[in-house]
Amino acid sequence: MGRHFGDLAKIRHVITYSISPFEQRAFPNYFSKGTMNVWRRFRASIFKITPPMVVLYLTYTWGNHVHEQGKRKDISVYENDE
């Protein structure tokens with residue numbers, strides 16, 4: 001009853017290659033080269049990431065502090081209430 005989704009078009013002269021998952025190595029050189037690569041990439045990007053994060057953190061804490069100050073009641077306004 002009709003074609004399946006993968007067989008909707010007939011494409012000719014296209015060669016595809018694949019390797020069996022049983023022939024692949026899942027983590028080649030993971031422990032020997034992986035940790036050094038992570039350290040190198042971390043060191044290269046630390047000065048790009050850290051300054052904006054510090055600015056955002058300081059802005060966030062300042063905003064929370066100002067908000068908490070704004071929620072306080074001014075006692076001098078309520079001194080003469082009966």
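Colleague: How many helices and strands does the secondary structure of the protein chain come to?

Modeller: The chain has 1 helix and 0 strands. Helices (H or I, at least four residues) and strands (E, at least two) are DSSP runs, numbered from the N terminus. This is a predicted model, in which local features need pLDDT of at least 70 and side-chain atom pairs count only at pLDDT 80 or more, while totals for chains, interfaces and linings use all residues. Residues are numbered from 1 along each chain as its sequence is written, and side-chain values use heavy atoms, with hydrogens and water left out.

Colleague: Why is tyrosine 60 called exposed?

Modeller: Exposed means over 50% relative accessible area, buried under 20%, and partly exposed in between (1.4 Å probe, protein chains only). Tyrosine 60 has a relative accessible area of 56%, and therefore counts as exposed. This residue lies in helix α1 (residues 30–71). Its C-alpha is 23 Å from that of lysine 73, 13 residues apart in sequence.

Colleague: What share of the 82 residues do buried residues make up?

Modeller: Buried residues make up 0% of the protein chain.

Colleague: Why does tyrosine 30 count as partly exposed, whereas methionine 36 is exposed?

Modeller: Tyrosine 30 has 46% relative accessibility, so it falls in the partly exposed class. Methionine 36 has a relative accessible area of 55%, so it passes the cut-off for exposed.

Colleague: What makes the nonpolar surface patch?

Modeller: Phe27, Tyr30 and Phe31 make this patch of about 450 Å². Patches take residues with over 30% relative accessible area and no salt bridge; like charges are joined within 9 Å, and nonpolar side chains (Val, Leu, Ile, Met, Phe, Trp, Tyr) within 5 Å.

Colleague: Why is the contact of lysine 71 and glutamate 68 called a salt bridge?

Modeller: A salt bridge is a side-chain nitrogen of Lys or Arg within 4 Å of a carboxyl oxygen of Asp or Glu. The N to O distance for lysine 71 and glutamate 68 is 3.6 Å, so the pair meets the criterion. Side chains of opposite charge can pair when their charged atoms come close. Both residues lie in helix α1, 3 residues apart, about one turn of the helix. A search of the whole structure finds 1 salt bridge. Lysine 71 counts as exposed at 54% relative accessibility, whereas glutamate 68, with a relative accessible area of 42%, is partly exposed.

Colleague: Where does histidine 13 lie, and how do you know that this residue is exposed?

Modeller: Histidine 13 lies in the segment before α1. Its relative accessibility is 76%, so it counts as exposed. Histidine 13 also has a positive phi of about 65° although it is not a glycine.

Colleague: Why is tyrosine 17 called exposed?

Modeller: The relative accessible area of tyrosine 17 is 73%, and therefore the residue is exposed. Its place is in the segment before α1.

Terms used:
Accessible areas come from the Shrake-Rupley method with a 1.4 Å probe; for residues, only the protein chains shown count as cover.
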